[in-house]
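Here is a structure to walk through together. Have it open beside you as you read.

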Amino acid sequence: MYQENNEEKNMHPNPMDVNSMYQNPVNNDPVYSSQIYGNSVHNEPVYYSEPRNVPATMYSPGICVNQPDPRMRENDSINNPQRDRSQGLVSFIRAMALVLACTFFSAAAAYVVMDYRFDRGDFAQPAPVILGGNAIERPRDENPTIPIMEKSDELPAQEIYDMARYQVVGINTEAPGLFGLPDLSGSSAPISGSGFIVSSDGYILTNYHVIEVAHKSNLAINVVLNDGTSYVAKVVGYEASNDVAVIKIEATGLTPSVIGNSDNIRVGQAVYAVGNPFGDLVYTMTDGIVSALDRVVSVEGKSIRTFQFSAAVNRGNSGGPIYNTNGEVIGIVTAKFVRGNVEGIGFAIPINDAIEIASELIEHGYISGRPLMGITGQTVSDANADYFGWVVGVYVRSVAQGSAAENAGMMVGDIIIALNGEETSSMEALRFNLRDHRAGDTTTITIWRDGESIDLTITFDEDLYAGQPQNRPDVTPDIPDPFDNQP
């Protein structure tokens, strides 16, 4: 240790004691060897045998300034390689422990987040559809508030067309001749339309109006595939009010269409129509966009829920598919708006509505759950109402014994004016409003009787004939047509 003597004081006019010489100029802590040599060795201050006449302002903590080469000490790392290796091993172990700890906590956090998202239902898959081909494995976002299709999910139009050629079929029937018999002279024009395969064993989805005449007239329905092979199809079932029909051909190994989700379509998304316009321009593809949603159109007196699109379609496209850019079918072409030279306004049945009907027909032979009131009715028009002093609605001509209508207290001569608060100005309006209900539902039906409106409570029966191709039993109304003698 440093020993004080007078000679050294005389040699240094402005002596500094040892403690002040090596104090930290910031917080007056002793300067340790870790500050000077970069390696922690002692926990006590390091002193030297000779003072240095160096002002305290000439250095900062941990940095030596204007000092001679320091003496080597026996504990310095340069003279103790074994200690240096030991300290390196300790540092490595500490680093590895830190990495393992971070990995553990990250995995725990990820597990908690994923478990919460599974419980919340973020990864729930929609119920599988019994019809349709296998979709290409791509993630699909069911959240309707964000874009449904990412750029990487889209297929080139050429690839969609190559798929469609094996999925779309042509449907041809001969128009009936005199007295409903086939026209053997060949002078009547064939009725043509389109359809698409929904199962590999020959089930085909199309419009009811494409096959209606042939079905009612007991004429052959011919289906033509891409390779020119022709089959005679049988009618599995249909729902005229939704313009949907299922037919079947005796074939196997067919390529079914991939069924999309029409609940996810958005205005502005690109779509493609593939069909057989005019019956001879087979496998024509046109493109457009979804123009509007939730359109209600009337096709041959039937009100149908549709979406509007801009792809060009013509006679013969009816019953054909509307594809999205993933190559999935999202609709069935059902009508084209015709007014003067208007173009680019077509309508399609959402595929979710159509595939539900098809699945019911194939699985049960009828459409289960359809509500039945048990009446025969007739529309009371504005003219009828003015003439008789009645109200616009549905005139009840008969009530089946034991039916839902009879149990609700309905009587012949009542006029139905509302169902569950929705106006029923015609038989078609009543049928349309019934689509929002299922067998077993209980609701309010409003009738007009003897000049006043009455609310009745009705619980619907199930229509066991819904969708069946066979005609349901004829029901003779209890009273004749009340408007027969109207001038």
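Let's begin with Phe92, which is exposed, because its relative accessible area is 51% and the cut-off for exposed is over 50%. Keep in mind that what you're looking at is a predicted model. Phe92 belongs to helix α4, which covers residues 81-120.

Now for the aromatic rings. Searching the whole structure turns up four aromatic pairs. One of them is Tyr208 with Tyr238: the ring centres are 4.3 Å apart and the planes sit at 20°, so this pair counts as stacked. The two come from distant parts of the chain, 30 residues apart, with Tyr208 in helix α6 (residues 208-217) and Tyr238 in strand β5 (residues 230-239). Both tyrosines, Tyr208 and Tyr238, are buried.

Trp390 and Tyr395 are stacked too, because their planes are at 5°, with ring centres 5.3 Å apart. Trp390 is partly exposed, at 25% relative accessible area, whereas Tyr395 is buried, at 9%. Both rings are part of one aromatic cluster along with Tyr387 and Phe388.

Another ring to look up is Tyr203, where Lys248 lies over the ring face, 5.3 Å from the centre.

Last stop: His364, found in helix α7, which spans residues 351-364. His364 is partly exposed, with a relative accessible area of 40%. Follow the chain for 104 residues and you get from His364 to Gln468, yet their C-alpha atoms are separated by 9.9 Å.

Terms used. Residues numbered from 1 in each chain as written. Predicted model: local features only at pLDDT ≥ 70, side-chain atom pairs only at ≥ 80, totals over all residues. Heavy atoms only, no water. Helix = DSSP H or I, 4+ residues; strand = E, 2+ residues; numbered from the N terminus. Buried < 20%, exposed > 50% of the residue type's maximum accessible area, 1.4 Å probe, protein only. Phe/Tyr/Trp six-rings, centres within 6.5 Å; stacked < 30°, edge-to-face > 60°. Lys NZ or Arg CZ within 6 Å of the ring centre and 35° of its normal.
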